[in-house]
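Morning, everyone. Let me put one structure on the screen and walk you through it.

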Amino acid sequence: MKKYLLSITLLCSFNIYADGHSNVKPGEETGEFHYFNVTNPAGFVNAIDEHYASDCAKKWQSESGAEVVLMGVLGSVHTHFIYVGYKNNDMLEKGRSIVTSCPETAELIRKLSKHSEPSDYVSRLGEQSLEVGDWTTDSHFMKFDFNVELGKASVYAKEWTKMMNSLEQTNSAGLITHRAGNGWMSHFVYVGGDSIDDLYTTFDANSQTEAFQTFIENISSIRTLRNVSLITPVKGYPAKR
């Protein structure tokens, strides 16, 4: 299955630092994040399965290339999120025009609401500004939700790029830039690992490096950290069947 997570236009002007150690590259997708506090996990997953099997979903995904993945969340009011990823914003626009016109989608929304707390639902539109490695090879992720001062996104991204290009030990990682949504967060960063122990061990080692400490010092005045959660992929719904 191709990557599910997002793409970008934001940082085309970045230099990738010329010391020969270049981990960071522009992201490859754009998409939607739908967060739920699920009360009936079996019913919730079954509702997505039913929609995926419909002619509506087949047409939607075949014509837009939409990739769908359900993620489990620990450490948040939300227990799960659904990610719907597209290659670019043109495909997102095309995909939404197809899927939102189907009666099967209206039924999906009704069932997802039935099997979750409607008042906790949050949706956001985002792009993967930058990425490191291949997140689809990792099994668990730490997710850092935060707000960056308005007008300072490029400053944060430049500092993050500099840090990630300096680290010797990394798995997958990415910087997501939100464009719209409720329960507002301007960005999140994810870092991946083969296991929870691998994820924590790598993060703890990297957090002791000079590059990490310099990064924290340089962005502390423009970033407000809001939440840290553990993310685990639950089930994918690929466009290619």
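How far apart are the mean positions of the positive and negative charges of the protein chain? They are 6 Å apart, for 22 positive and 29 negative charges. Lys and Arg count as positive, Asp and Glu as negative; His and the chain ends are not counted. Each charge is placed at NZ of Lys, CZ of Arg, CG of Asp or CD of Glu.

Ground rules. This is a predicted model: local features need pLDDT of at least 70, side-chain atom pairs count only at pLDDT 80 or more, and totals for chains, interfaces and linings use all residues. Residues are numbered from 1 along each chain as its sequence is written, and side-chain values use heavy atoms, with hydrogens and water left out.

Now the overall shape. The C-alpha trace spans about 55 × 35 × 30 Å along its principal axes. Of the 241 residues, 49% are buried, meaning under 20% relative accessible area with a 1.4 Å probe, protein chains only. Contacts are heavy atoms within 4.5 Å. Among contacts with a separation of 6 or more, 82% come from residues 24 or more positions apart.

Last, the cysteines. There is 1 disulfide, that is, a pair of cysteine sulfur atoms within 2.5 Å. C56 and C102 form it, S to S 2.3 Å. The pair links distant parts of the chain, 46 residues apart. C56 sits in helix α2, residues 55-64. C102 is in the loop between α3 (89-99) and α4 (103-114). Helices here are DSSP runs of H or I, at least four residues, numbered from the N terminus. The link is right-handed, with 95° about the S-S bond. Buried or exposed, C56 and C102? Both are buried.

Definitions and conventions:
Buried < 20%, exposed > 50% of the residue type's maximum accessible area, 1.4 Å probe, protein only. Helix = DSSP H or I, 4+ residues; strand = E, 2+ residues; numbered from the N terminus.
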